[in-house]
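Here is a short note for a colleague opening this entry for the first time. Please keep the viewer open while reading.

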Amino acid sequence: MFEIVENFLLGLGLWPWLATLVVTLLQIMLVMVPLLLSVAYLTYAERKVIGFMQIRIGPNRVGFFGKPLWGLGQPIADAVKLMFKEIIIPGGADKFLFLIAPVLSMAPALAAWAVVPFGSEMVLADIDASLLYVLAITSIGVYGVIIAGWASNSKYAFLGAMRSAAQIVSYEIAMGFALVGVLMAAGSINIGDIVRGQGGAYGLLNWYFIPLFPLFIIYFISGVAETNRAPFDVAEGESEIVAGFHVEYSGMTFAVFFLAEYANMILISMLAALMFLGGWLSPLPASWIPELALFDLALGDGIHWLLAKTALFLFFFLWFRATFPRYRYDQIMRLGWKVFIPITIVWLLVVGLFIMGGLAPWFDAA
């Protein structure tokens, strides 16, 4: 489709570089607009899901055109409210760092989507080291948290930043080791190749979550910790340090931190679906799907499976927040260093021995 658009623009007499730029911007918009809408309505889903679990109603008043529509207009109203709130910079704060910190949190969360595949041919940049790019670019996000705590000139903000930095370092190691197991199984660091490596005649039995189950669990729990979500939200512990690293932020500067957290939740969930649950691949063996266009469209491989798996992981994020109390800081550190990292190292050794012995811990994709 994009080749058709580019040829059309060239036919209008545009310079080749300008036509390529327009097509690239169009591709970026097709990813960013749905992502930002998903971030907005994930906040709505969280309030409704937790409300249901706690026998409350949740947002149900703000709608469109005078109709409540189950409160679907609430995220839009929240965004408009934050846009018009005053941004207050504390006295003694470093103004430049104070304002750049939210950008350093949000930009990596958006830039990582450049290499995330939504289908076999649906990816902005299909680079060989796409998973390495994601790990590198998302690691920059911690600088936004640390700089926010430092620049705010507040002891509570600084304490939250230090907590977050220690937590992210701890769980990023476990998360990286968990993904190393996936790389060993797939023999590639290209996310598309990793998904294709999970294809085969056995459907979901080919997916990596079965042979790499401990790594799968550790990856997802580490992802919850990486995003500072409950029960790992010590960086924002309201009952302990007011609101943590963003306590001095208001208006759109606070909103950007908020958006970065939810964008990272979606990214972690989609990567979990791609790495361990077959991405866009159907859970049904191909032989089980009737050879009819309607059935093949609904039950065969496609982006709808990837979105459904991502939504499942996002539901777990919301469920955890409504269920578990916040862990103590020493408990969080102990879980990361003394439990997760040793388990991942042992399982990597097991997978390596299987590979050396010619006993693949996953089903043959042939």
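Which residues are buried in helix 13? They are Leu 306, Lys 309, Thr 310, Phe 313, Leu 314, Phe 317 and Leu 318. Note that this is a predicted model.

1. Helix 13, length. Helix 13 covers residues 303–323. At 1.5 Å a residue, its 21 residues should span 30 Å. The end C-alpha atoms of helix 13 are 30 Å apart, so the span agrees.

2. Helix 13 against helix 9. Two packed helices are described by the angle between their axes and the distance between the axes. For helix 9 (residues 213–226) and helix 13, the angle is about 60° and the axes are 11 Å apart. The two helices are therefore oblique to each other. Their crossing is right-handed.

3. Residues in that contact. Helix 9 brings Phe 216, Phe 220, Gly 223 and Val 224. Helix 13 answers with Phe 313, Phe 316, Phe 317 and Phe 320. By class, this contact has 7 nonpolar residues, 1 polar and no charged. Phe 313 and Phe 317 are also among the buried residues of helix 13.

4. Helix 9, length and cover. Helix 9 has 14 residues. From first C-alpha to last it reaches 20 Å, close to the 20 Å expected at 1.5 Å a residue. Helix 9 is mostly covered, with 10 of its 14 residues buried. Among them are Leu 215, Phe 216, Tyr 219, Ser 222 and Glu 226. The cover includes helix 7, helix 11 (251–276), helix 13 and helix 14 (329–356). After helix 9 comes Asn 228, which has a positive phi near 60°.

5. Helix 9 against helix 14. How do these two cross, and at what angle? Their axes come within 10 Å and cross at roughly 145°. The crossing is left-handed. Pro 214, Leu 215, Ile 218, Ile 221 and Ser 222 make the contact from helix 9, with Phe 340, Ile 343, Thr 344, Trp 347 and Leu 348 from helix 14. These residues divide into 8 nonpolar, 2 polar and no charged.

6. Ile 218 sits in helix 9. Is Ile 218 buried or exposed? Its relative accessibility is 3%, so Ile 218 counts as buried. Leaving out residues up to four places away in sequence, Ile 218 touches Ala 174, Phe 340, Ile 343 and Thr 344. Ile 218 and Phe 340 are 122 residues apart along the chain, yet their C-alpha atoms are separated by 6.4 Å.

7. Helix 6 against helix 7. Helix 6 runs over residues 141–151 and helix 7 over residues 155–186. Their axes come within 7 Å and cross at roughly 160°. That makes helix 6 roughly antiparallel to helix 7. The crossing is left-handed. From helix 6, Val 142, Val 145, Ile 146, Gly 149 and Trp 150 take part. They meet Ala 157, Phe 158, Ala 161, Met 162, Ser 164, Ala 165 and Ile 168 of helix 7. The contact divides into 10 nonpolar residues, 2 polar and no charged.

8. Asp 128, in a loop. Asp 128 lies between helix 4 (95–111) and helix 5 (130–138). Its relative accessible area is 66%, so Asp 128 is exposed. What does Asp 128 touch, not counting residues up to four places away in sequence? The partners are Ile 189 and Asn 190. Asp 128 and Phe 245 are 117 residues apart along the chain, and their C-alpha atoms are separated by 36 Å.

9. Two positive phi values. Both residues here lie in the loop between helix 2 and helix 3. Ile 55 is not a glycine, but has a positive phi of about 55°. With a relative accessible area of 79%, Ile 55 is exposed. Phe 65 also has a positive phi, near 55°, in a residue other than glycine. At 84% relative accessibility, Phe 65 counts as exposed.

Definitions and conventions
Residues numbered from 1 in each chain as written. Predicted model: local features only at pLDDT ≥ 70, side-chain atom pairs only at ≥ 80, totals over all residues. Heavy atoms only, no water. Axes fitted to C-alpha atoms, helices over the stretch in contact; angles between N-to-C directions. Helix = DSSP H or I, 4+ residues; strand = E, 2+ residues; numbered from the N terminus. Parallel < 35°, antiparallel > 145°, perpendicular 65-115°, else oblique. Left-handed = near helix turned anticlockwise from the far one by under 90°. Contact = heavy atoms within 4.5 Å. Nonpolar A, V, L, I, M, F, W, Y, C, P; charged D, E, K, R; others polar. Buried < 20%, exposed > 50% of the residue type's maximum accessible area, 1.4 Å probe, protein only. Expected span 1.5 Å × (residues − 1).
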